Amino acid sequence: FPKNHYWLMVGPTGPRRLRLAIEHLANVRGCSCYFVDLDPRWVKKLISRGEFDQATGYMEHVIDQALLIMKHRAVSALFTTPKLLEALSEKVSIPDAGIKGVFCGGTEMNPQNVRFLIEEVLEGEVAFKPVYGNTLMGLAHSKPLKPEDDYAITYYAPQPRAVTRVVDPENTVELVSYGAFGRVELTTLTRELFMPRFLERDEAMRCEGTEGYPWDGAG
């Protein structure tokens, strides 16, 4: 993720504060950030009404807007979702477009999907960084992706600002065993806010700590 280039975020920017967070990450690195918004709620409404042509046209419009920016600016970093990244790659080679790194957010990224994105979409030439987070937590780190781990993603919360646990959904006082699935529980402590044991919507697998992150992770 080189400094003094342009960033591009393609995906849902609001009504959450995510857009501001991405812009801050870019600015810290001396970069400006462009945004192409996609409203997933609108897409779901179109699909629920059976207006599939409208939904497809809207997606194509979003991709065309992103390609236009990539054509006229030296964009080196992308922040997007797996589906949008794949859609972009159908129009242009991501490495040939000058992209050096991709932040990709999406809890639905299973190992098979991750391997496809790294090897086929990014052609093994672009840094791929999965991210997971929200306003309360910020962005969680993922351990380095390795073929020997079958490209499985494990996220580690940015302690001590935020602490995650994977708990039994029927008895949230109890942690699940390592390797078992449960509900993600988040505790946030900043100068402005203390939010203890907030239950996220997401399910995850409890994973052991790793080098650099000697605390529980969520897989």
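A residue is called buried when its relative accessible area is under 20%, exposed when it is over 50%, and partly exposed in between (1.4 Å probe, protein chains only). The views below show a predicted model, in which local features need pLDDT of at least 70, side-chain atom pairs count only at pLDDT 80 or more, and totals for chains, interfaces and linings use all residues. Residues are numbered from 1 along each chain as its sequence is written, and side-chain values use heavy atoms, with hydrogens and water left out.

**View A. A salt bridge links Glu23 and Arg19.** A salt bridge is a side-chain nitrogen of Lys or Arg within 4 Å of a carboxyl oxygen of Asp or Glu. In this pair the closest N and O atoms are 3.1 Å apart. Both residues belong to helix α1 (residues 18-28) and sit four residues apart, about one turn of the helix. Helices (H or I, at least four residues) and strands (E, at least two) are DSSP runs, numbered from the N terminus. Glu23 is partly exposed at 26% relative accessibility, and Arg19 is partly exposed at 29%.

**View B. Arg165 and Glu185 form a salt bridge.** The N to O distance is 2.8 Å. Arg165 is in strand β8 (residues 162-168) and Glu185 in strand β10 (residues 181-189), so the pair ties together parts that are 20 residues apart in sequence. Arg165 is partly exposed, with a relative accessible area of 24%, whereas Glu185 is buried at 2%. Salt bridges with shared partners join Arg165, Glu185 and Arg197 into one network.

**View C. Helix α2 (residues 40-48) packs with helix α3 (residues 52-72).** The angle is about 155 degrees and the axes are 7 Å apart; axes are lines fitted to C-alpha atoms, for helices over the stretch in contact, and angles run from 0 to 180 degrees between N-to-C directions. The two helices are therefore roughly antiparallel, a term for angles over 145 degrees. Trp42, Val43, Leu46 and Ile47 of α2 make the contact with Phe52, Gln54, Ala55 and Tyr58 of α3. Contact means heavy atoms within 4.5 Å.

**View D. Phe128 belongs to the largest nonpolar core, which has 47 residues.** Such a core is a set of buried Ala, Val, Leu, Ile, Met, Phe, Trp, Tyr and Cys residues joined through side-chain atoms within 4.5 Å. Leu8, Leu85, Val102 and Phe128 have the most contacts inside it. Helix α3 gives the largest share, seven residues. Among the residues that Phe128 touches are Leu85, Val102 and Cys104.

Conventions:
Parallel < 35°, antiparallel > 145°, perpendicular 65-115°, else oblique. Lists of a residue's contacts leave out its neighbours within four places in sequence.
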